[in-house]
Amino acid sequence: MATIARKTVAQFVPSSSIAKAARIQPGRSLGLKRMELPTLLKVITSGLRWSAVESFLQESGFTQLQLAQYLGIPVRTLARRKEAGGLDENESERLLRLSEIYDAALDLFAGDKADAREWLLSPVRGLNNSRPIDYARTDYGAREVRNLIGRLEHGVFS
């Protein structure tokens, strides 16, 4: 009877890759540096600084009104966040989600900011004629928008 040799995960994965945590690039349009996931989670929990909001608004061309609508807060609350210097945890998470979707749309449109913004703000057939920005207000909807962008990038029109 033959015995099966048992190997540990460490034997299949180089030790250098086990020790190194993956560094991720959070939404590029927020102007954040590449960081490890635990660091990003701390940044979100403590709230994004207003400079990230300004970077996003400048990069994307969205207005403060559009951003406030997406975040689900009144424009006056957004103005208070500016005075306070940053967003709260929930708003930060929503802004990061929007930033990631904007960045994916920007890649889809080969860096054309106006086309990416217009696509996000226009009804899309692949989302039941809803606007991608509206779909992306929830995590599940954001996944659907990302899936649609992926299909469009690979020529699968739906």
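pLDDT is the predictor's confidence in each residue, on a scale from 0 to 100. The structure described here is a predicted model, and the protein chain averages a pLDDT of 86, with 83% of the residues scoring at least 70. Among the elements of the chain, the highest mean pLDDT, 97, belongs to helix 6 (residues 75-84), and the lowest, 43, to helix 2 (residues 15-19). Over residues 7-21, pLDDT stays under 50. For this stretch the model has 5 contacts beyond four places in sequence.

The protein chain contains 10 helices and 2 strands. Along the sequence, these elements follow the pattern α-α-β-β-α-α-α-α-α-α-α-α. Of the contacts in the chain with a separation of 6 or more, 53% are between residues 24 or more positions apart. The accessible surface comes to about 9,800 Å², and carbon and sulfur atoms account for 52% of this area. Of the 158 residues in the chain, 33% are buried.

In soluble globular proteins, nonpolar side chains tend to be buried together. In the present model, the largest nonpolar core has 38 residues. The members that touch the most other members are Leu-30, Phe-56, Leu-67, Leu-78, Leu-95 and Trp-119. Two or more residues of this core are given by each of helix 3 (37-46), helix 4 (50-60), helix 5 (64-71), helix 7 (89-108), helix 8 (113-121) and helix 10 (139-153). Helix 7 supplies the largest share, 8 residues. The surroundings of Leu-67 illustrate the packing within the core. When residues up to four places away in sequence are not counted, Leu-67 touches Val-53, Phe-56, Leu-57, Leu-78, Leu-95 and Leu-98.

Ser-99 lies in helix 7. Ser-99 counts as buried because its relative accessibility is 0%, under the 20% limit for a buried residue. Not counting residues up to four places away in sequence, Ser-99 touches Gly-27, Arg-28, Ser-29, Leu-30 and Phe-56. Two of these residues, Leu-30 and Phe-56, are among the core members that touch the most other members.

Gly-31 is 20 residues from Ser-51 along the chain, and the C-alpha atoms of the two are separated by 8.2 Å.

Val-43, in helix 3, is also partly exposed, with a relative accessible area of 24%. Val-43 touches Met-35 and Leu-48, not counting residues up to four places away in sequence. The C-alpha atoms of Val-43 and Glu-93 are separated by 9.7 Å, and the two residues are 50 apart along the chain.

Helix 10 has 15 residues. From its first C-alpha to its last, helix 10 reaches 21 Å, close to the 21 Å expected at 1.5 Å a residue. Its buried residues are Gly-141, Ala-142, Val-145, Leu-148 and Ile-149. These residues lie on the same side of helix 10, because they cover an arc of only 120 degrees around the axis. The buried residues of helix 10 pack against helix 7, helix 8 and helix 9 (132-135). Just after helix 10, Gly-155 takes a positive phi of about 75 degrees.

Most residues other than glycine have a negative phi. Asn-128, although not a glycine, has a positive phi of about 55 degrees. Asn-128 counts as exposed because its relative accessibility is 65%, over the 50% limit for that class. Asn-129 lies in the loop between helix 8 and helix 9 as well, and this residue, again not a glycine, has a positive phi of about 60 degrees. With a relative accessible area of 56%, Asn-129 is likewise exposed.

Terms used: Residues numbered from 1 in each chain as written. Predicted model: local features only at pLDDT ≥ 70, side-chain atom pairs only at ≥ 80, totals over all residues. Heavy atoms only, no water. Core = buried A, V, L, I, M, F, W, Y, C linked by side-chain atoms within 4.5 Å. Buried < 20%, exposed > 50% of the residue type's maximum accessible area, 1.4 Å probe, protein only. Helix = DSSP H or I, 4+ residues; strand = E, 2+ residues; numbered from the N terminus. Contact = heavy atoms within 4.5 Å. Expected span 1.5 Å × (residues − 1). Arc of directions from axis to C-beta. Areas by Shrake-Rupley, 256 points an atom, 1.4 Å probe, with all protein chains shown as cover.
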